[in-house]
Amino acid sequence: MSKRVSVGLYPGTFDPPTNGHVDIIARAATLVDRLVIGVAINEDKGPLFTLQERVEMVQEQCAKIKGEAEIVIQPFDTLLMSFAESVGAQIIVRGLRAVADFEYEFAMVGMNQKLNPAIETVFLMADPTHQAIASRLVKEIARLQGSVAHFVPQEVERRLKAKFGVS
């Protein structure tokens, strides 16, 4: 009898990936055999980085994560639950930073459960050192030539500086 492979899905825009995202990915990878990082295409959000750039940045960070879980990065532009079903996910992983995150996520879970009650949502609390980090704020700081070194991995910081023409 073969062992059932547990599959988790961590979806996001990752524009750009932050230290908080990397922390959630590393911790989620300890919970499942296979972790799919779903990079949302989401052109409505007007991402700073192209889909390809976001996928590359996530790949760079995931390559550094040690562990037994297989980590796969895959773009998607469908309904989250449809994507979760297509990758065989039993759980969706979401990171929570604050009460405001919880309120939004609580509403999403209710809708997602109606769409597919077999897929659970698991919340991981942000590490206290990463609770204030938001991609939107990181982009604003970088655009205004502030240091984002405490918020994003070095490779991401380099890409942000290049995007904004900062040396």
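Modeller: Please do, bearing in mind that this is a predicted model. Let us begin with Ile71, which is found in strand E3, residues 70–76.

Colleague: Why is Ile71 called partly exposed?

Modeller: Its relative accessible area is 21%. Buried means under 20% and exposed over 50%, with partly exposed in between, so Ile71, at 21%, is partly exposed.

Colleague: Which residues does Ile71 contact, leaving aside its neighbours within four places in sequence?

Modeller: They are Ile25, Ala29, Leu35, Ile37, Cys62 and Ile65. Contact requires heavy atoms within 4.5 Å. As for Ile92, its C-alpha atom and that of Ile71 are separated by 14 Å, and the two residues are 21 apart along the chain.

Colleague: What makes a set of residues a nonpolar core?

Modeller: The members must be buried residues of the listed nonpolar kinds, joined through side-chain atoms within 4.5 Å. The largest such core has 19 residues, and Tyr10, Ile25, Leu35, Ile37, Val58, Ile73 and Val93 touch the most other members. Helix H1 (19–28), strand E2 (34–40), helix H2 (51–62) and strand E4 (91–96) each supply at least two of its residues. A second, separate core has 13 residues, including Val7, Phe76, Ala84 and Ile119.

Colleague: Which residues does Val93 touch, not counting those up to four places away in sequence?

Modeller: Val93 touches Leu9, Tyr10, Pro11, Ile24, Ala28, Val122 and Leu124.

Colleague: How do you know that strand E1 is mostly covered?

Modeller: Six of the six residues of E1 (residues 7–12) are buried. Val7, Leu9 and Pro11 point one way from the strand, while Gly8, Tyr10 and Gly12 point the other way. Both sets are buried.

Colleague: And why is E2 described as largely enclosed by the rest of the structure?

Modeller: Six of the seven residues of E2 are buried, so the description follows from that count.

Colleague: How do you know that E1 pairs with E2 and with E4?

Modeller: Pairing requires at least two bridges between the strands. E1 and E2 have six bridges and pair in the parallel sense; within E2, Arg34 stands opposite Val7 and Val39 stands opposite Gly12. E1 and E4, which run parallel, are joined by two bridges, so this pair meets the requirement of at least two. In E4, Ile91 is the bridge partner of Gly8.

Colleague: What is the order of the strands in the sheet?

Modeller: Five strands form an open sheet in the order E3-E2-E1-E4-E5, with parallel pairing. The twist averages 30° from one strand to the next. Seven bridges join E2 to E3, with Val39 opposite Pro75 in E3. Six bridges pair E4 with E5, and in E5 the bridge partner of Ile92 is Thr121. Helix H4 (residues 99–115) packs on this sheet, touching E4 and E5, and its direction makes about 165° with that of E4.

Colleague: What makes a crossover right-handed?

Modeller: With the strands pointing away from the viewer, the path from the first strand over the helix to the second must run clockwise. E1, H1 and E2 make a right-handed β-α-β unit. The crossover from E2 through H2 to E3 is likewise right-handed.

Colleague: Why is H2 called roughly antiparallel to helix H6?

Modeller: The axes of H2 and H6 (residues 154–163) come within 10 Å and cross at roughly 155°. Angles over 145 degrees count as roughly antiparallel, so H2 is roughly antiparallel to H6. The contact is made by Glu53, Glu56, Met57, Glu60 and Gln61 of H2 and by Glu155, Val156, Arg159 and Lys163 of H6.

Colleague: Is Gln61 buried or exposed?

Modeller: Gln61, which lies in H2, has a relative accessible area of 5%. Because buried means under 20%, Gln61 counts as buried. Not counting residues up to four places away in sequence, Gln61 touches Val22, Pro153 and Glu155.

Note on methods
Residues are numbered from 1 along each chain as its sequence is written. This is a predicted model: local features need pLDDT of at least 70, side-chain atom pairs count only at pLDDT 80 or more; totals for chains, interfaces and linings use all residues. Side-chain values use heavy atoms; hydrogens and water are left out. Helices (H or I, at least four residues) and strands (E, at least two) are DSSP runs, numbered from the N terminus. Buried means under 20% relative accessible area, exposed over 50%, partly exposed in between (1.4 Å probe, protein chains only). Axes are lines fitted to C-alpha atoms, for helices over the stretch in contact, and angles run from 0 to 180 degrees between N-to-C directions. Angles under 35 degrees count as roughly parallel, over 145 as roughly antiparallel, 65 to 115 as roughly perpendicular and the rest as oblique.
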